Amino acid sequence: MQVEQSNGSYESTEAEADYSEELVYRFRWSVTQIAAIAVGIFLVAFGGIALARAGDVGISDPFTPAVAVGTWLRTPFMGGIELVLGLSLVAAGVQKESPHIFYKFAGAIGLAFGIVLIAAPDIFDSALGAGRDTGWLYAVLGVLFLGLGFGAPVVFERDVVRPITGERS
């Protein structure tokens with residue numbers, strides 16, 4: 001801080017220090033995030049197609065009709081589940097830091113759901129339009145996300161450095 005003297009000169013009362021700091025932002029991308037975005041887009045499209053094919057009937061009765069999407073049958077209810085799951089995976093995949101706990105949880109749920117569908121496909125056939133083939137799909141996705149959640153390496157890492165300058169107060 002400078003203080004004006006009576007003779008018009010300025011005198012420094014304390015040591016002034018201009019300092020410079022750097023703020024570092026670290027962006028990391030892993031295989032898990034790339035897989036989550038890809039699978040999420042697939043599930044959003046899959047669920048959206050099932051809901052679109054069911055049409056107005058799917059709104060009044062979410063368990064009928066069962067429509068074909070690819071080689072799988074889907075009810076509007078299952079299409080809605082896949083749409084929400086796909087949006088969740090895409091949202092988790094675009095995060096700056098990879099939320100591995102979410103991938104582990106989604107993998108465990110997917111694997112459990114797949115095993116149940118493989119073991120007892122007739123129970124869910126009328127409600128979800130999901131049979132043994134859907135069970136294998138979710139079991140494989142569950143194992144994939146469990147594996148990636150526990151051990152996915154960072155593929156791409158970038159540091160962004162921004163200087164911060166100013167006077168110390």
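On a 1 Å grid over the protein atoms alone, a pocket is taken as an open set of points where a 1.4 Å probe fits, with protein on both sides within 12 Å along at least five of seven lines, and its lining residues are those with an atom within 4 Å of a point. Grid points are joined across faces, edges and corners, and a volume is the space filled by probe spheres set on the points. By these criteria the largest pocket has a volume of about 300 Å³. The model is a predicted one, in which local features need pLDDT of at least 70 and side-chain atom pairs count only at pLDDT 80 or more, whereas totals for chains, interfaces and linings use all residues. Residues are numbered from 1 along each chain as its sequence is written, and side-chain values use heavy atoms, with hydrogens and water left out.

The secondary structure, assigned from DSSP runs numbered from the N terminus (helices, H or I, at least four residues; strands, E, at least two), comes to 6 helices and 6 strands. Along the sequence these follow the pattern β-β-β-α-α-β-β-α-α-α-α-β. Of the 169 residues in the protein, 30% are buried, where buried means under 20% relative accessible area, exposed over 50% and partly exposed in between, with a 1.4 Å probe and protein chains only. With contact defined as heavy atoms within 4.5 Å, 70% of the contacts between residues at least 6 apart in sequence join residues at least 24 apart.

The largest pocket is lined by 17 residues, and Leu85, Ala106, Ile109, Gly110 and Tyr138 lie nearest its centre. Two or more lining residues come from each of α1 (31-54), α3 (76-93), α4 (100-119) and α6 (132-151), and the largest share, 7 residues, is that of α4. The lining divides into 14 nonpolar, 3 polar and no charged residues, where Ala, Val, Leu, Ile, Met, Phe, Trp, Tyr, Cys and Pro count as nonpolar, Asp, Glu, Lys and Arg as charged, and the others, Gly among them, as polar.

A nonpolar core is a set of buried Ala, Val, Leu, Ile, Met, Phe, Trp, Tyr and Cys residues joined through side-chain atoms within 4.5 Å. The largest such core holds 19 residues, of which Val39, Leu89 and Phe145 touch the most other members. At least two residues of this core are supplied by each of α1, β4 (67-69), α3, α4 and α6, and α1 gives the most, with 5 residues. Neighbours within four places in sequence aside, Phe145 is in contact with Thr32, Ala35, Ala36, Val39, Leu89, Tyr103 and Gly107.

The expected span of a helix is 1.5 Å times one less than its number of residues. For the 24 residues of α1 this gives 34 Å, in agreement with end C-alpha atoms that are 34 Å apart. Buried residues of α1 include Val39, Leu43, Phe46 and Gly47, and just after this helix Gly55 takes a positive phi of about 65 degrees. The 20 residues of α6 reach 29 Å from first C-alpha to last, close to the 28 Å expected. Among the buried residues of α6 are Tyr138, Leu141 and Phe145, and what covers the buried residues of this helix includes α1, β5 (72-74), α3 and α4.

Glu82, in helix α3, is buried, with a relative accessible area of 0%. Neighbours within four places aside, Glu82 is in contact with Leu43, Val44, Phe46, Gly47, Arg74 and Tyr138.
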